[in-house]
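Dear colleague,

I am handing over a structure that you have not worked with before, and below it I set out what was found. Please read the notes with the structure open beside them.

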Amino acid sequence: MKVFEETAAKAPQNPFIWRALGGTLRLMPGRLPEAKERLLRATELAPDDALSWLGYGEVCEKLELWEDASAAFQKCRNLDPPDLLADKAEQGINRLTSRS
């Protein structure tokens with residue numbers, strides 16, 4: 001974590017650092033809100049990065065932010081990512097649809 005945080009401080013405009021930081025935080029107990037903010041920053045810096053949108057959607061889903069999760073999964077899918085990412089985005093959309 002320390003390396004990611006130091007790197008983000010040195011290169012705050014690098015979306016991939018923010019994506020990596022958010023992706024790491026989401027795996028740590030109690031750190032989902034921080035992960036959400038880092039992944040949101042990644043999507044702001046690189047709005048065409050499907051992986052950041054997918055991660056953001058998954059974190060929002062875990063935080064029960066259903067509308068944000070749905071929008072992120074849709075954005076990921078609409079970017080026409082590789083099949084694996086498109087499948088994961090579609091699965092997220094399906095989970096949210098079956099939930100309602």
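In which hand of crossing, left-handed or right-handed, does α2 pass α3? Bearing in mind that this is a predicted model, the answer is that α2 passes α3 in a left-handed crossing. The residues that make this contact are P15, W18, R19, L21, G22, G23 and L25 on the α2 side, and E34, A35, R38, L39, R41, A42 and L45 on the α3 side.

As for the geometry of the pair, helix α2 covers residues 15–25 and helix α3 covers residues 32–45, and their axes come within 8 Å of each other while crossing at roughly 160°. Angles over 145 degrees count as roughly antiparallel, and α2 and α3 are therefore roughly antiparallel to each other.

The structure holds zero disulfides, and C60 accordingly takes part in none, the nearest cysteine sulfur being that of C76, 13 Å away. For a disulfide, the two sulfur atoms would have to lie within 2.5 Å. C60 is buried, with a relative accessible area of 0%. C76 is likewise in no disulfide, and the cysteine sulfur nearest to it is that of C60, at 13 Å; C76 is also buried, its relative accessible area being 0%.

How values were computed: Residues are numbered from 1 along each chain as its sequence is written. This is a predicted model: local features need pLDDT of at least 70, side-chain atom pairs count only at pLDDT 80 or more; totals for chains, interfaces and linings use all residues. Side-chain values use heavy atoms; hydrogens and water are left out. Axes are lines fitted to C-alpha atoms, for helices over the stretch in contact, and angles run from 0 to 180 degrees between N-to-C directions. Helices (H or I, at least four residues) and strands (E, at least two) are DSSP runs, numbered from the N terminus. Angles under 35 degrees count as roughly parallel, over 145 as roughly antiparallel, 65 to 115 as roughly perpendicular and the rest as oblique. A crossing is left-handed if the near helix is turned anticlockwise from the far one by less than a right angle, and right-handed if clockwise. Contact means heavy atoms within 4.5 Å. Buried means under 20% relative accessible area, exposed over 50%, partly exposed in between (1.4 Å probe, protein chains only).
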